[in-house]
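Open the model in your viewer and keep the selection tool at hand. The tour goes from a single side chain to a strand, then to the cores.

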Amino acid sequence: MLQDIEPYLACPHCARPLTLDGRTLRCPGGHSHDLAKQGYVSLLAGDAHTGTGDTAEMVAARGDFLAAGHYRPIADALTEAAVAAVAGAEVGAEAEAGGDADGGAGAGAGAGAGAGARGLVADLGAGTGHYLAHVLDALPGRPGAALDISKYALRRAARAHPRIGAVVCDAWRPLPLLDASADLVLNVFAPRNGPEIRRVLRPGGTLLLVSPTARHLRELVNTLGLLSVDEEKQRRIDEKLGPYLTPAGRREVEFTVRLSAEDVRTVVGMGPSAWHTDPARLAERLAALPDPVEVTASVTVAAYRR
């Protein structure tokens, strides 16, 4: 619910804290943002637009594909990493608090760290909220902010979990979150804004980033003419995030899924290839595939710490 993430939200116009007043978020600067009837709120700046967001058709395809459980190992690996990151942060906070107590000073800082250990989980490029919901199930009591530019996706994200608040925003602009407001940021097959991720993460907080390897969907890429992933993707990600965050471990998750012809059509329709694939040519190539077809799913789950 939006009420769960209200304490972490910032006005997109002046960056001051927002307060929920009925169905409207207001800031001290006089800016206001109404909650949509579908449960999300738009915190886009006035000159921003949602033209680059996933369409209703893409969102429906993603919802169907993820609900079928085809990518469950990815959700499990992300959740495992999230639990480990939070546990590590809590141990660090307890150690810091203990050190302050021994030194006879800094009790206030220790108390703050303890409170932060139950803080916000923000999903940048959350889509339907599928992965965020899995993580929140494993982290009781934590609020989750689903951030995406697609209002169609956020209509689903707002209903994906009782502790999710859904917010329309642009990943390439200042995020509508207060400084150091998030314990954990998730980023699954989505745009990454290093400076803003660093800003919204608290010191010691973690970014968990899921990206495809060059082997992801390899059986479909050439056959169907889909967009491919180059071998240097992970290196380029590390280089772009390097000035802002420190690598803190990674693992590869690779498995085989058996997809029907309809599943294949859905997985194509839910990703970036949907913008670049000719429907008639795709249908022709789909007809040539075995039904079902075995396909490799291959991703990297990487952690970066502020």
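Start by selecting S181. S181 touches Y8, L120 and V200, leaving aside residues up to four places away in sequence; contact here means heavy atoms within 4.5 Å. This is a predicted model: local features need pLDDT of at least 70, side-chain atom pairs count only at pLDDT 80 or more, and totals for chains, interfaces and linings use all residues. Residues are numbered from 1 along each chain as its sequence is written, and side-chain values use heavy atoms, with hydrogens and water left out.

Stay on S181. It sits in the loop between β7 and β8 (182–188). Helices (H or I, at least four residues) and strands (E, at least two) are DSSP runs, numbered from the N terminus. Is S181 buried or exposed? S181 is buried, with a relative accessible area of 9%. Buried means under 20% relative accessible area, exposed over 50%, and partly exposed in between (1.4 Å probe, protein chains only). Now show the backbone of L178: the S181 side chain reaches its oxygen at 2.7 Å.

Next, select strand β6, residues 144–148. Five of its five residues are buried, so β6 is largely enclosed by the rest of the structure. Colour the two faces separately. G144, A146 and D148 lie on one side; A145 and L147 lie on the other. In a regular strand, side chains alternate between the two faces of the sheet.

Strand β5 (residues 120–124) runs parallel to β6, joined by four bridges; strands pair if DSSP finds at least two bridges between them. A122 has A145 as its bridge partner in β6. Follow the chain from β5 through helix α5 (residues 130–138) to β6: this β-α-β crossover is right-handed (with the strands pointing away from the viewer, the path from the first strand over the helix to the second runs clockwise).

Strand β7 (residues 164–168) also runs parallel to β6, with five bridges. Here A146 partners A166. Helix α6 (residues 151–157) carries the chain from β6 to β7, in another right-handed crossover.

Now the largest nonpolar core, with 55 residues. Such a core is a set of buried Ala, Val, Leu, Ile, Met, Phe, Trp, Tyr and Cys residues joined through side-chain atoms within 4.5 Å. Y71, L184, L224 and V264 touch the most other members. Helix α3 (residues 72–103) gives the most, seven residues. Zoom in on L184: its contacts include A82, L120, A122 and L208.

Finish at the second, separate core of 34 residues, with C169, I197, L207 and Y304 among them.

Note on methods: A polar contact is a pair of N or O atoms within 3.5 Å; within protein, one must be able to donate a hydrogen and the other to accept it, and residues adjacent in sequence count only if both atoms are side-chain atoms.
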